[in-house]
Structure formats: C-alpha cells, structure tokens
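Thanks for coming. I will keep this short and go through a few places in the structure, one after another.

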Amino acid sequence: MKKILLLIPFLFAGLSSCDTLNQVAQTTIQQYGNPSQLEMSNGLKQALEIGTAQSADQLSAVDGFFKNAAVKILFPPEAQKVESTLRSIGLGKLADNVILSLNRAAEDAASQAKPIFVNAIKQMTIQDVTNILLGQQDAATQYFRRTTTAQLAANFRPVIQTSLNKVGATKYYGDAAAAYNRIPLVTKINPNITDYVTQKAIDGLFVVIAKEELNIRQNISARTTPLLQKVFGYYDRNKR
C-alpha cells in the first residue's frame, strides 16, 4: 500500500495538472472511498497544523523575513523619503541597519504564532471544515485571518517590542528618524516603529500560509499521508 501511495504522484506525469488531479482523485476513491466527516475534519486539521507550523518555522529562521522578497520588511511608506534622504547624505549604512533590524525583530516574533494557530484549528466546527476544504483556494488562510489576527497582534506586539530593543531596531529607527527630523523644512515622522513591524510580521505570516495552502491543494506530492490523500482527493473531485 505504501508503495502505491508513493507512486501516485508519478503515475500521471505526462498529463496536464488538471488531468493529473482528476486521475489521482479517481484512483484515491477506488482505494479508499469518500472520507467520513471525522476523516475530513482530521485530515484538514492535520494539513493546517503542518502548513502553519512550517510557515512559522520558515519565517522564524535567520533571514526568514530578510531574504524573502515576498515578506521582507522595508521602511514604512510614510518614511520612504527618510530612507532616500539618508542615503543621499551618506547615511546609507544607517538605513541598511534599520531594514535588517526590522526583519530580525519579525523573525524573533514569528515562532509565537504556532500555539495561536493550533488553538484556532482546535476550535473549527464541521461547517468550518467543509467551507475551508471545498471553498476557494485561500479559504483556510482567510479563516485564519478572521480568527487569529487580533490575538496575533496582541501576542506579537510585546514580543516585537522586546525584539526591536534586543536587535537595536528601536535605536536604529529612532536614530534614522531623528537624523531625518533634523533636516530643515521636512515633515517630521513618528520614531515609534513597533505597530508597523507587528502588522508587517502578521501580513508576512499569512503570505507564507497562503503559499502552503495552495501547495497542498495543487501539489499531489505534498499530500504525505494516506489521510491527506483521501481527504484532498475528495477536494479534487468536489472543488468549486
């Protein structure tokens, strides 16, 4: 049985992606039948636990934010003129230090997301599971946005604040803001950066979670257990 499961991703390599999913869906139903409600619930939750844990681990690693162009944190929009001005007057190193330290703070905070997502997964109802499994390709990501954003912000903010202080982001950004604010005739900016980094860290987390969700919906080889094969085979046959 294990050999058959391992071969599934390769049996239809010559077919289009859509054809492949349809063929695998038919193979899966022949082997396992339709999942029960309990199997659907357990399978989806298993997938979400794996996906959210991988997302948090990826972003909490060194350079998880800094070297990922999709989530890298830059100067706030209202402070982009600060960056360009600092670079124009020979303070490019200070601007670089600001950007690096903002991303280091977000990386420090990312691991805090795991228990919040685990709790949200445990609270899912059968209707939530059905809506997510058979919903849009980002249905799980949108569920997490609705149910975890407030708690993520509440939990992230003190961690971000501590991290900003630890890696020097508060000092670097405060120094950059102070240097900019001393320039004659410029509009002064707020040197407090905590709320901005907190929101960008949360946004980045959802970007990566959405990517993980799309992967398991579209990539057969990402379905690494018989239960995931069965549940997402059902999704392939019934997706909107």
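The lining of the largest pocket is made up of eleven nonpolar, six polar and three charged residues. Keep in mind that this is a predicted model. The volume of that largest pocket is about 260 Å³. There are 20 lining residues, and those closest to the pocket centre are Ala47, Gly51, Glu212, Glu213 and Ile216. Which helix gives the largest share of the lining? That is α3, with seven residues. Helices α3, residues 37–60, α8, and α10, residues 194–218, each contribute at least two residues to the lining.

Is Leu164 buried or exposed? Leu164 is buried, because its relative accessible area is 0%, and the cut-off for buried is under 20%. Setting aside neighbours within four places in sequence, Leu164 has contacts with Leu102, Ala105, Ala169, Thr170, Ile193, Thr194 and Val197. Along the chain, Leu164 and Asn103 are 61 residues apart, yet their C-alpha atoms are separated by 9.3 Å.

Last, a helix pair. Two packed helices are described by the angle between their axes and by the distance between those axes. For α4, residues 80–88, and α5, residues 92–110, the axes come within 7 Å and cross at roughly 145 degrees. On the α4 side the contact involves Glu83, Leu86 and Arg87; on the α5 side it involves Gly92, Leu94, Ala95, Asp96 and Ile99. By class, the residues of this contact between α4 and α5 are four nonpolar, one polar and three charged.

Key:
Residues are numbered from 1 along each chain as its sequence is written. This is a predicted model: local features need pLDDT of at least 70, side-chain atom pairs count only at pLDDT 80 or more; totals for chains, interfaces and linings use all residues. Side-chain values use heavy atoms; hydrogens and water are left out. Axes are lines fitted to C-alpha atoms, for helices over the stretch in contact, and angles run from 0 to 180 degrees between N-to-C directions. Helices (H or I, at least four residues) and strands (E, at least two) are DSSP runs, numbered from the N terminus. Contact means heavy atoms within 4.5 Å. Ala, Val, Leu, Ile, Met, Phe, Trp, Tyr, Cys and Pro count as nonpolar, Asp, Glu, Lys and Arg as charged, and the others, Gly among them, as polar. Buried means under 20% relative accessible area, exposed over 50%, partly exposed in between (1.4 Å probe, protein chains only). On a 1 Å grid over the protein atoms alone, a cavity is a set of points where a 1.4 Å probe fits but cannot get out, and a pocket is an open set with protein on both sides within 12 Å along at least five of seven lines; lining residues have an atom within 4 Å of a point. Grid points are joined across faces, edges and corners, and a volume is the space filled by probe spheres set on the points.
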